[in-house]
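Please keep the sequence and the structure in view while reading.

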Amino acid sequence: MCADSPTKPLQLPSLFDPPSVALSVIVPAYNETDRLTPMLEAALEHLTSGSTRSYEVVIVDDGSKDATVALAISLAQKHPESDIRVVKLDHNVGKGGAVRHGFLHSRGERLLMVDADGASRFQDVELLWKAMDDIEKDGRSIAVGSRAHMVNTEAVVKRSAIRNFLMHGFHLVLRTLGVGHIRDTQCGFKLFSRKAAQEVFPTLHLKTWVFDVELLIKAQLLDIPVSEVPIAWHEVAGSKLSIVSDSLGMFKDLVILRLNYALGRWQVTRDREKRD
Ligand SMILES: Nc1nc2c(ncn2[C@@H]2O[C@H](COP(=O)(O)OP(=O)(O)O)[C@@H](O)[C@H]2O)c(=O)[nH]1
Ligand SMILES: *[C@@H]1O[C@H](CO)[C@@H](O)[C@H](O)[C@H]1NC(C)=O
């Protein structure tokens, strides 16, 4: 859907088309009526006045039960100067599925995923951009935002002990998966070159929170250069993660991930078969 005719669906572009804007900003959104507006306003502020590159914003509604879609469309109408698109998934598929859908149908030379909660500072996209310039090879690169530098700061210490304990447990498992060198896999702020996105997103299996880990494992196996970049970040109320049940789910997904790659059932190839 787009702003001039919100009821008329647009044809979805493909990640395998040539790029037509410099940056795609992909925002997965599930029940985000409270947090989306400030996040989007801050992003647009930077995109319109802090940078001159062309861009699009793709809000992927993940089957929200609240008025997220209506809000996203009204924000698009409020900003006709910006190319804001709203994609509505009929059912809730999970963050990984929503992000993947957005990436498969975006037009940017580079593609940024960013959470709807506004926890990261949008201008920091420039830090990721610069880091990618430094490592890019044959058009392939990924820069991931990282909160690892904040581990001993107030923002993190204030989080509950159980959350921090689980974070350490999670990291231990990541080491066995071969991505222990990435200190913060879960940060919702990651930038991909189009070529890197073409290689890692179509064959992404996990639709849940652990999709970030799968992306990084793929990048590692495909020798895509990855840079981890410290970014500003602050906890925003309203997280919909349930510590106990989501942690169990994450652990289960990590095991699934580990086994499927170990058994060769999931493989990283550069094939383009599995497209939406
Ligand atoms: N909780 C949740 N978030 C989803 C889902 N699909 C997409 N998202 C988005 O994923 C992002 C991160 O979610 P959030 O609850 O803020 O998790 P946290 O910030 O990591 O604690 C937000 O932009 C959500 O709107 C889903 O099924 N559940
Ligand atoms: C999403 O919103 C619906 C309706 O308000 C609610 O029933 C559901 O629990 C919410 N889901 C989450 C994860 O917050």
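The model is a predicted one. Helix H8, which covers residues 211-221, is mostly covered, since 9 of its 11 residues are buried. The buried residues of this helix are Phe211, Asp212, Val213, Glu214, Leu215, Leu216, Ile217, Lys218 and Ala219, a list in which the names can be followed along the helix in the displayed structure. H8 is followed by aspartate 223, whose phi is positive and lies near 60°.

Most residues other than glycine have a negative phi. Is aspartate 223 buried or exposed? Aspartate 223 counts as exposed because its relative accessibility is 64%, and the cut-off for that class is over 50%.

Aspartate 138 is another residue other than glycine with a positive phi, here near 50°. Its place is the loop between helix H4 (125-135) and E5. With a relative accessibility of 59%, aspartate 138 therefore counts as exposed.

In general, the strands of a sheet pair through backbone hydrogen bonds, either parallel or antiparallel. In which sense do strand E5 and E7 pair? Strand E5 (residues 142-146) and E7 pair in the parallel sense, over 5 bridges. Along this pair, isoleucine 142 stands opposite valine 226 in E7, while serine 146 stands opposite proline 230 in E7. Strand E7 also has two faces that can be told apart, for Ser227 and Val229 make up a covered face, whereas Val226, Glu228 and Pro230 make up an uncovered one.

**The ligands**

Ligand 1 is surrounded by 16 residues, of which the closest are Glu32, Arg35, Asp62, Ala116 and Ser239. By class, the residues of this shell divide into 6 nonpolar, 3 polar and 7 charged. Ligand 2 is surrounded by Tyr30, Asn31, Lys65 and Lys240, and its shell has 1 nonpolar, 1 polar and 2 charged residues.

| Residue | Ligand atom | Distance |
|---|---|---|
| Glutamate 32 | oxygen of ligand 1 | 2.6 Å |
| Aspartate 62 | nitrogen of ligand 1 | 2.5 Å |
| Asparagine 92 | oxygen of ligand 1 | 2.9 Å |
| Asparagine 31 | oxygen of ligand 2 | 2.2 Å |

How much of the area of ligand 1 does the protein bury? Taken alone, ligand 1 exposes 560 Å², and the protein buries 90% of that. Ligand 2, taken alone, exposes 360 Å², and in its case the protein buries 42% of that area.

How values were computed
Residues numbered from 1 in each chain as written. Chains lettered and ligands numbered in written order. Predicted model: local features only at pLDDT ≥ 70, side-chain atom pairs only at ≥ 80, totals over all residues. Heavy atoms only, no water. Near = heavy atom within 4 Å. Polar contact = N/O pair within 3.5 Å; in protein donor to acceptor, adjacent residues only side chain to side chain. Areas by Shrake-Rupley, 256 points an atom, 1.4 Å probe, with all protein chains shown as cover. Nonpolar A, V, L, I, M, F, W, Y, C, P; charged D, E, K, R; others polar. Buried < 20%, exposed > 50% of the residue type's maximum accessible area, 1.4 Å probe, protein only. Helix = DSSP H or I, 4+ residues; strand = E, 2+ residues; numbered from the N terminus. Pairing = 2+ DSSP bridges.
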